[in-house]
Amino acid sequence: MASLKVPASVPDPCEDAEQLKKAFKGWGTNEELIIQILAHRNAAQRKLIRDSYAAAYGEDLLKDLDSELTSDFQRIVLLWTLSPAERDAYLANEATKRLTASNWVIMEIACTRSSDELFKARQAYHTRYKKSFEEDVAYHTTGDFRKLLVPLITAFRYEGEEVNMTLARKEANILHEKVSGKAYNDEELIRIISTRSKTQLNATFNHYNDQHGHEIIKDLEADDDDEYLKLLRAAIECLKTPEKYFEKVLRVAIKGLGTDEWDLTRVVATRAEVDMERIKEEYNKRNSVTLDRAITGDTSGDYERMLLALIGHGDA
């Protein structure tokens, strides 16, 4: 949460709710006030604001934000105001819909959240959509994509620091054997990637590098036209070094032909309270411009101001 400018004094959620209600009144919405409040409150504080708003006005803050705001600014404010579990459930559901389908978003949620965060996202999915995340993913994917994604989203990985080095060496060799043979959809490869703790996997990937002279990510670059292989490679990067994965998503979103606002919005909204500082450092290393400068050069208005506030460079 280091990237968020949280005021030194604890804000009063009732006062915040009252100010937000005022922001909606009159001829125009006061977007600046919305940014000033919501962009500088953490997840627990935002939940209290929503509860206070409902208690004071009998209305849903999210619905009012939805009706008052528009375009990319609306999307980032709504995603940010949701709890992390609700947000993941919403993004996951969106990723299983035909017009917004994205195996990458499903993989991203599965591989970059902690076991507890992923479990809470699946619970939130049950509550909101009256079905399970895994049944929707299984229904809306096919072949190798289903074979990889369903185990990833149903995983509940060990979160501790214990590492079995003998196992790491053994499984590094299994991975190398499967990758060398281009058996990218092999059950053993998927079992290792989808069940081992991230600490154990890092030890396995390090052994892979030490024993075979190159990283597993490099060995998976051989067939770059294979969409499944690209997803598998990204999953390993998310498990190993998520900041590198997210830096690349941001770089492509900003530097591509026209800004990909959906990717930019998703990464900022989901990582601002997690590892945005590391992502910014990675971005600064890989690019000739800092992330805040890149955002300023590629976005504008309230959307730009909200993004900058969330990554820690806003004056709002």
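The following legends describe close-up views of a predicted model.

**View A. Packing of helix 11 against helix 12.** Helix 11 spans residues 165-180 and helix 12 spans residues 187-195; their axes come within 9 Å and cross at roughly 135°. The two helices are therefore oblique to each other, since an angle counts as roughly antiparallel only over 145 degrees. The crossing of helix 11 past helix 12 is left-handed.

**View B. Residues in the contact of helix 11 with helix 12.** Helix 11 contributes E171, I174, L175, K178 and V179, while helix 12 contributes E188, L189, R191, I192 and I193. By class, the residues of this contact comprise 6 nonpolar and 4 charged, with no polar ones.

**View C. Positions annotated as "binding site".** An unreviewed UniProt entry assigns this feature to F24, G26, G28, E68, I254, G258, T299 and E304. These positions are spread over 281 residues of sequence and are also spread in space, with up to 35.1 Å between C-alpha atoms.

View E. E304 is buried because its relative accessible area of 15% falls under the 20% limit. With neighbours within four places in sequence left aside, E304 is in contact with T296 and T299.

Note on methods. Residues are numbered from 1 along each chain as its sequence is written. This is a predicted model: local features need pLDDT of at least 70, side-chain atom pairs count only at pLDDT 80 or more; totals for chains, interfaces and linings use all residues. Side-chain values use heavy atoms; hydrogens and water are left out. Axes are lines fitted to C-alpha atoms, for helices over the stretch in contact, and angles run from 0 to 180 degrees between N-to-C directions. Helices (H or I, at least four residues) and strands (E, at least two) are DSSP runs, numbered from the N terminus. Angles under 35 degrees count as roughly parallel, over 145 as roughly antiparallel, 65 to 115 as roughly perpendicular and the rest as oblique. A crossing is left-handed if the near helix is turned anticlockwise from the far one by less than a right angle, and right-handed if clockwise. Contact means heavy atoms within 4.5 Å. Ala, Val, Leu, Ile, Met, Phe, Trp, Tyr, Cys and Pro count as nonpolar, Asp, Glu, Lys and Arg as charged, and the others, Gly among them, as polar. UniProt positions are given in the numbering used here, feature names are shortened, and annotations may be inferred rather than shown by experiment. Buried means under 20% relative accessible area, exposed over 50%, partly exposed in between (1.4 Å probe, protein chains only).
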